[in-house]
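Grab a pencil and keep the viewer open.

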Amino acid sequence: MKTDKELKKEFKQIASKNPDKYYATAVLKKKGFNRQQCSKCKTWFWTKQKSDICGDPECQEGFTFFGDTPAKAKLDYVGVWKNYADYFKKKGYTIMNRYPVVARWNPTTYFTIASIAAFQPYVISGEVEAPAKELVIPQFCIRFGDLDNVGITGSHCTGFVMIGQHAFVSKKEWDQERYFKDLLAWIVDHLGIPEEELFLHEDSWAGGGNYGPCMEFFSRGCELCNQVYMMYEHQEEGDKELKLKVLDMGLGHERVAWFLKGEGQIYESIFPTVCEKLKEITSIAYDETFMNKYLKYAPLLNLDEVSDINKAWEIVGKKIGVSSSVLKEKISPLAALYSIAEHARTLLVALGDGALPSNVGGGYNLRVIFKRAQGFIDKYEWNIDLGEVCRWHAEYLKSLFPELLEKIENVKKILEVERRKYYETKKKNKRVIEQEVKKKITTDRLIQLYDSYGISPGDIDEAMKQEGKVLSIPDNFYGLVAERHEQAEHKAQTKKEKKFPLEGVPLTKILYYGKFDFSEFTAKVVKIIENMAVLDESAFYPTSGGQLHDIGNINEYHVVDVIKQNGIILHVLDKEPSFNIGETVNCSIDMKRRMQLTQHHTAAHIINGAAKEVLGDHVWQAGAAKTLEKGRLDITHFDALTAEEEKAIERIANNMVEKNIEIGKGVHTKADAEQEHGFRLYQGGAVPGSELRVVDIPGFDTEACGGTHVDSTNQVGRIKILKSSKVQDGIVRIEFAAGEAADKVEEMKTGNAEEIASFLDVDVKEVPARAREIFEKWKKIKKLMKKKKEMPENIFDFSSSEKSDGDVVAESAKILKTQPEHVLKTLKRFLNDIEEWKK
């Protein structure tokens with residue numbers, strides 16, 4: 001299989017040998033464009049100018065639109081989208097709202113990295129119907145590959161809006177010339193860019209197993225957009241034409257707004273109010289004449305394009321008449337200011353859409369950009385609050401993305417916790433830094449220190465200077481960190497599952513979707529593999545979604561396990577069956593087990609909704625398990641739960657139980673389900689297939705879920721939160737019991753308390769106040785036993801406490817109140833130990 005890069009290079013040559021087949025050349029020829037080949041990069045391009053270079057900034061050495069933009073339109077950042085949407089609406093395209101930047105519907109990526117990613121993979125594959133055949137969308141995207149270029153090149157961002165022009169149609173409906181003319185007309189007529197100012201590159205695109213030709217639009221060195229025509233699917237057995245033709249045009253919202261303004265860094269054009277406020281706070285002066293000179297050549301400092309960045313700084317400095325050191329000195333504070341502004345906008349959208357900074361997974365790079373921004377604030381001793389910067393962004397973007405302002409308070413809360421962690425980490429790392437500066441520090445070691453301890457290269461550099469040493473920090477340091485984590489995440493997501501030979505076997509009709517208490521049924525045997533039987537329909541639940549499988553009987557054989565593979569349910573029996581394919585069998589399910597697992601599964605949904613209500617919109621399910629004894633729910637949250645938060649979640653959960661709300665359970669098309677409920681559906685991650693089974697507790701919690709669920713909330717029974725813990729950065733685990741399992745916990749708690757009360761010869765009500773006393777005695781006994789010393793005579797005397805003041809009583813009561821089951825179990829174990837030692 002060829003890589004995307006190899007496919008792109010190969011197909012570009014194929015397409016350029018036969019341009020009339022792959023590009024809208026008839027339109028270009030009719031308008032008087034001429035086809036030429038760039039003398040530098042050898043790309044074929046179309047223009048009305050007489051030029052031997054293609055107009056790419058690398059070939060023409062920079063941008064040439066500063067102070068002299070050819071565009072006649074006067075549109076600000078928000079105005080660009082409104083103008084675009086109005087035009088394409090009149091052309092018959094459907095206007096879409098942006099999708100979240102956390103792509104929970106897409107199993108191939110964590111963040112939405114392009115407008116087309118909103119529809120990958122299932123719409124493009126044809127598995128799911130597109131929300132419209134032709135549409136446009138202002139899709140906010142996040143990419144971290146250009147992190148170190150932010151603020152330096154004047155044009156790079158980690159977060160940006162890719163305005164999409166998309167079509168998902170059959171071969172018969174495909175009209176490449178019309179799509180091209182629609183886009184060209186908007187650029188010429190609505191942006192006011194003359195055709196004579198355009199350079200159109202013949203290129204190709206590949207990604208996600210698909211590829212095709214594309215046409216890139218340039219003017220004065222600035223790439224405005226790229227119209228991709230996805231036509232082919234790349235497969236091991238040979239490439240084939242896609243049944244669904246896909247138009248994938250991505251227009252740089254930020255680039256266009258910048259191009260129209262024709263001055264300053266891109267950041268001044270896309271969030272001008274934020275830049276003004278930051279310059280006012282920092283008192284940074286903006287030398288417009290100098291910056292316009294610099295920005296013309298700033299693309300030459302693109303770390304992705306240069307092999308020697310120090311030499312690149314010297315070249316740019318020479319072109320504008322200053323030394324590289326003077327150039328860096330003038331640019332660095334502004335680059336820091338723009339980076340703070342840009343990173344804050346990315347954090348605003350990502351956190352608002354439910355992501356959290358973390359040391360692992362997709363949240364890792366959010367923490368990277370937070371640290372980078374906060375590091376600049378510290379370096380220059382600026383009085384800047386990133387939460388407030390986020391608020392300024394939300395206010396500016398209100399007419400484009402109103403949801404951001406609605407979520408600002410929660411975003412600020414998350415950032416404040418992140419800031420606290422940042423300074424706690426810096427304080428703890430002083431000793432590590434003192435040891436490191438004595439050694440030679442390589443780039444790999446710098447990355448390792450950042451990964452393991454959160455130590456920024458700036459902190460190391462500052463300590464090295466105090467020792468009279470010089471530290472070499474790669475200019476693309478943060479890009480290297482991001483790249484390493486993207487590779488690690490991809491590797492972690494690769495796993496193999498055992499597959500059974502089920503070719504030609506029909507999908508199993510699932511009977512538990514509607515009635516969770518469907519306990520007896522008959523079915524026809526369609527396949528037998530050793531001790532496994534496949535039926536034409538089944539009410540047996542397979543292990544999935546964190547819920548344990550059902551057990552029961554098929555005829556006289558015990559069902560000991562249940563497995564689901566690509567929509568087919570396999571029943572694992574205690575031995576090979578004597579029945580044959582085609583026979584009808586009698587099936588029964590252990591309903592006591594089913595009921596408990598079902599109660600725990602529905603309770604998990606209720607607790608998830610309650611946690612979101614108590615903690616905020618950033619709460620998403622990160623994992624779950626349901627056994628007979630208890631359930632656990634992992635949620636995304638930035639801190640450990642307090643006793644008050646646990647209590648509030650449990651109270652709200654039980655209120656929902658008492659309300660006896662009917663639970664909706666139905667199968668819908670993905671398009672309909674997403675339209676009605678949004679992407680909150682995907683609590684358990686992306687779901688393959690064209691349909692979703694939706695479990696809906698109206699107005700409280702709605703999830704795509706294939707598990708067994710009760711019909712109304714009161715059937716869950718009482719919900720008891722056993723404990724919560726922080727299992728990893730950004731993930732909190734809630735352990736709970738529901739129904740009969742919760743009753744058993746309460747019985748055990750009462751029994752333990754009575755046993756302890758009897759041992760102490762006190763009333764059971766006094767046990768909470770005596771908890772600390774027992775702990776203290778047990779620790780002392782254990783210490784004496786370890787040293788093999790003789791026990792004091794009064795060691796087992798619990799009639800009086802060495803620490804019986806009010807504080808100890810209050811502390812003991814608090815321990816028992818926050819984790820009663822855990823404490824009582826522990827006390828019981830202590831008592832058993834004491835009894836043994838007594839003997």
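Predicted model: local features only at pLDDT ≥ 70, side-chain atom pairs only at ≥ 80, totals over all residues.

Residues are numbered from 1 along each chain as its sequence is written, and side-chain values use heavy atoms, leaving out hydrogens and water.

**Exercise 1.** Find E202 and work out whether it is buried or exposed.

*Solution.* Start at strand β6 (residues 199–207), where E202 is found; strands are DSSP runs of E, at least two residues, numbered from the N terminus. E202 has a relative accessible area of 0%, so it is buried (under 20%; exposed is over 50%, partly exposed in between, with a 1.4 Å probe and protein chains only). Next, look at its side chain: it makes a polar contact of 2.8 Å with the side chain of W46, and another of 3.1 Å with that of S16. A polar contact is a pair of N or O atoms within 3.5 Å, one able to donate a hydrogen and the other to accept it; residues adjacent in sequence count only if both atoms are side-chain atoms.

**Exercise 2.** How are the rings of F521 and F540 arranged?

*Solution.* Their centres are 6.1 Å apart and their planes at 70°, so the pair is edge-to-face (centres within 6.5 Å; planes under 30 degrees stacked, over 60 edge-to-face, the rest tilted; for Trp, the six-membered ring is used). Then check burial: F521 and F540 are both buried.

**Exercise 3.** Which residues touch the most other members of the largest nonpolar core?

*Solution.* That core has 182 residues, and the answer is F180 and Y294. A nonpolar core joins buried Ala, Val, Leu, Ile, Met, Phe, Trp, Tyr and Cys residues through side-chain atoms within 4.5 Å. Now look elsewhere: a second, separate core of 31 residues includes L633 and I635.

How values were computed. Helix = DSSP H or I, 4+ residues; strand = E, 2+ residues; numbered from the N terminus.
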